[in-house]
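I opened this notebook to record, step by step, what I looked up in one structure and what I found there.

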Amino acid sequence: MAEKIESLQDIKSAVSAPAEVKVRKPNKDKLGRAYATGKRKDAVARVWLKPGKGNITINEKTMDEYFARPVLKMIIAQPFEITNRVNEYDVVCTVKGGGLSGQAGAIKHGISIALNEYEPDLRAVLKKAGFLTRDDRVVERKKYGRAKARRSYQFSKR
């Protein structure tokens with residue numbers, strides 16, 4: 001039969017020692033870049049992150065040329081702002097599919113994952129903000145007999 005546990009000290013000794021905590025190492029390629037793929041709606045972004053002055057290049061254009069709306073630029077900058085890494089990394093990305101809003105979300109997702117690969121210590125901050133989770137909401141498909149996914153045609157009693 002097992003030993004009888006009568007005091008708090010017995011409980012502490014009965015519990016096994018905690019397992020070793022794994023320390024994640026940065027995942028970089030030969031050129032010192034971190035790579036990640038981000039997705040949002042139908043857009044897919046391939047993102048390379050390296051230390052630099054804060055330049056963001058999207059499909060060989062600057063961010064200001066590619067995204068005219070300030071809201072989309074703000075979405076892309078969120079991972080850097082929340083981790084206090086503004087103007088510390090250069091980003092080169094290619095994005096395909098979807099519209100501009102979906103592409104901005106895909107780039108944000110890719111930057112967040114690449115930051116996590118480059119600096120694993122930032123994982124808690126990025127995870128808490130929800131930037132490492134793919135937003136899986138997509139447009140609902142159109143159904144037959146309806147004008148759109150749920151909208152029906154106007155009723156007429158004629």
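This is a predicted model: local features need pLDDT of at least 70, side-chain atom pairs count only at pLDDT 80 or more; totals for chains, interfaces and linings use all residues.

Entry 1: I then looked for the strands and found an open sheet of five, in the order β1-β2-β5-β3-β4 and with mixed pairing. The edge strands are β1, residues 34-40, and β4, residues 61-62, since each of them pairs on one side only. I reminded myself that strands of a sheet pair through backbone hydrogen bonds, either parallel or antiparallel.

**Entry 2: the pairs of strands.** I went through the pairs one at a time.
- β1 and β2 are antiparallel and share seven bridges, and I found K39 standing opposite V44 in β2. These two strands form a hairpin with two residues between them, and K41 in the turn has a positive phi of about 50 degrees.
- β2 and β5 also run antiparallel, joined by eight bridges, and the bridge partner of P51 in β5 is Y89.
- β3, residues 56-58, pairs with β5, residues 89-96, in the parallel sense over three bridges, and here T57 stands opposite V92 in β5.

**Entry 3: the helices against the sheet.** I looked up helix α3, residues 70-82, and saw that it lies across β2, β3 and β5, running at about 145 degrees to β3. Helix α4 lies across β1, β2, β3 and β5, and its angle to β1 is about 145 degrees.

What length should helix α4 span, at 1.5 Å a residue? The 19 residues of α4, numbered 100-118, should span 27 Å, and I found the end C-alpha atoms 26 Å apart, which agrees.

**Entry 4: the core.** I next looked up the largest nonpolar core, which has 29 residues, and those with the most contacts inside it are I58, F67, I76 and I107. At least two residues each come from β1, β2, β3, α2 (63-66), α3, β5 and α4, and α4 gives the most, with seven residues. I then followed I107 and, leaving aside its neighbours within four places in sequence, found it in contact with A45, V47, I58, F67, I76, C93 and V95.

**Entry 5: L49.** Is L49 buried or exposed? This residue lies in strand β2, and its relative accessible area is 0%; the cut-off for a buried residue is under 20%, so L49 is buried. Not counting residues up to four places away in sequence, L49 touches G32, R33, A34, F80, Y89, D90, V91, A114, L115 and Y118. I also looked up its distance to N84, which is 35 residues away in sequence, and the two C-alpha atoms are 16 Å apart.

**Entry 6: R24.** I finished with R24, which is found in the loop between α1 (8-14) and β1. Its relative accessible area is 40%, so R24 is partly exposed. Which residues does R24 contact, leaving aside its neighbours within four places in sequence? I found N116, E117, P120 and R123. R24 and D121 are 97 residues apart along the chain, and I noted that their C-alpha atoms are separated by 8.2 Å.

Conventions:
Residues are numbered from 1 along each chain as its sequence is written. Side-chain values use heavy atoms; hydrogens and water are left out. Helices (H or I, at least four residues) and strands (E, at least two) are DSSP runs, numbered from the N terminus. The expected span of a helix is 1.5 Å times one less than its number of residues. Two strands pair if DSSP finds at least two bridges between them. Contact means heavy atoms within 4.5 Å. Axes are lines fitted to C-alpha atoms, for helices over the stretch in contact, and angles run from 0 to 180 degrees between N-to-C directions. A nonpolar core is a set of buried Ala, Val, Leu, Ile, Met, Phe, Trp, Tyr and Cys residues joined through side-chain atoms within 4.5 Å. Buried means under 20% relative accessible area, exposed over 50%, partly exposed in between (1.4 Å probe, protein chains only).
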